[in-house]
Amino acid sequence: MRALLLLSLLLAFPAYADELPEPTDAPAPEAAAPIEPITTSNVVEVKPEQPATITLLSAVPAFAPWSTQKLYLDLDLVAQGRYLSTPAEDLSDIRLDRGEIGARIALGKNGAAEMRIESVRSAVEGGALGIDGDSMVIRVRYANVNGELTRGKLTVGGALGFVQDPWIRALEDGYTLRPLSRTGSERLLGWSPSDLSALVRAGVGPVRATVTIGNGEGLRFPERNNGKTTTAVLEVVPLVRRDLRVVVAGVGRDGSIGIARVRDRRVGGGATIVTPTVRAGGEIVRAWGLGDRGDVEGTELAAWADARVVEHVYVSARGATLGIDAGRRTTYGGALVVEPWNDPTTRGRFRLWLAVDRITSSGDAMPIPGADPGDATIAMLIASATAPFTLD
């Protein structure tokens, strides 16, 4: 019986041998683990990995979709104690340099309404007289209805109303020194942070283009210009990693100011570098027409850096210069910063600044009404706080 069984196996083996694969050096596959039924006791919540961040803001890609939260509130305060030294006289004051509150409310899945108001001094910089002495006034910084739509890799959006200027928004996207100084374009060129305008934006991957068409008067005299101003900004993120983000941007602007339609033309570029411990940026802008003087031409150049020395302690430096045919205006300064609180998840933070700001001018370098005073040195103790709140 055993002989017959052995003979039948030998006769059947060639048939199975023809179906076997060619021998290889690969190891035999491991047996699959048995599937464990899903119960409430063995479900593990997996949370997404957070970008590496130590201080200012997580180094995430810049062009994330617009906020989809139902409600977003933001409070931004900057208070200063200042000592101003000028060739004429020395002054000291305590002031609320900036107070802002903003809200954004979702309108369905693809739209939102947002508004931001700010308090500003009613007197021009360096002046002592304003409305009812030296009071604060409240004005709208921006207020608009906006929306976006995504189809595949393309995202398009738009806004109408008091819209943020796309160039100032691009510069401030990574700018951390606003309590110390406005950006070079806003401070030296008088570039308004918002305008009554219509905005169209499109983004594909690391590239985003924004175009606005508006009055061109910004926050000062939005009713007196019959002409329109067009501003186009192109932003690109050529490099982004967990510990590094580089953003470059270019701007072109063609417009006018006032009833006389004084020319207001700009072309320029800038870059921002973000790491977990250092932020830095710069800009260069060529201007044709400044303030109410269409004959003035000049070039503005600015740079800044903000670096962590040890945990909760930073050093900051900035500088900006505007050269025109009639002279040059330069501002520069720095600060030692202590940051007791920083929440990178919500971007909330509280900072104390021990700062100095120097202003110099030569020739006729003050074409913009309300600009900084002449030569001056300002020592400042600044407290700044940003406190966002979101409701999903």
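Modeller: Gladly. A strand here is a DSSP run of E with at least two residues, numbered from the N terminus. Keep in mind that the model is predicted.

Colleague: Which strand gives the most to the lining of the largest cavity?

Modeller: Strand 9, with 4 residues.

Colleague: What makes a residue part of that lining?

Modeller: A lining residue has an atom within 4 Å of a cavity point. For the largest cavity, 26 residues line the space. Leu171, Ala271, Thr272, Gly282 and Trp304 lie nearest its centre. Helix 2 (166–172) and strand 10 (262–274) are among the elements that give two or more residues.

Colleague: Why is this called a cavity and not a pocket?

Modeller: Because a 1.4 Å probe fits in a cavity but cannot get out, whereas a pocket is an open set. By this rule the count comes to 3 cavities of 30 Å³ or more.

Colleague: How do the lining residues of the largest cavity divide by class?

Modeller: There are 12 nonpolar, 8 polar and 6 charged residues. Gly counts as polar.

Colleague: What makes a set of residues a nonpolar core?

Modeller: The members are buried and joined through side-chain atoms within 4.5 Å. The largest such core has 18 residues. Trp167, Leu189, Trp191, Leu290 and Leu322 have the most contacts inside this core. Helix 2 gives the most to this core, with 4 residues.

Colleague: Which residues are included in the second core?

Modeller: Leu177, Leu180, Ala335 and Trp353 are among its 16 residues, and this core is separate.

Technical notes: Residues are numbered from 1 along each chain as its sequence is written. This is a predicted model: local features need pLDDT of at least 70, side-chain atom pairs count only at pLDDT 80 or more; totals for chains, interfaces and linings use all residues. Side-chain values use heavy atoms; hydrogens and water are left out. On a 1 Å grid over the protein atoms alone, a cavity is a set of points where a 1.4 Å probe fits but cannot get out, and a pocket is an open set with protein on both sides within 12 Å along at least five of seven lines; lining residues have an atom within 4 Å of a point. Grid points are joined across faces, edges and corners, and a volume is the space filled by probe spheres set on the points. Buried means under 20% relative accessible area, exposed over 50%, partly exposed in between (1.4 Å probe, protein chains only).
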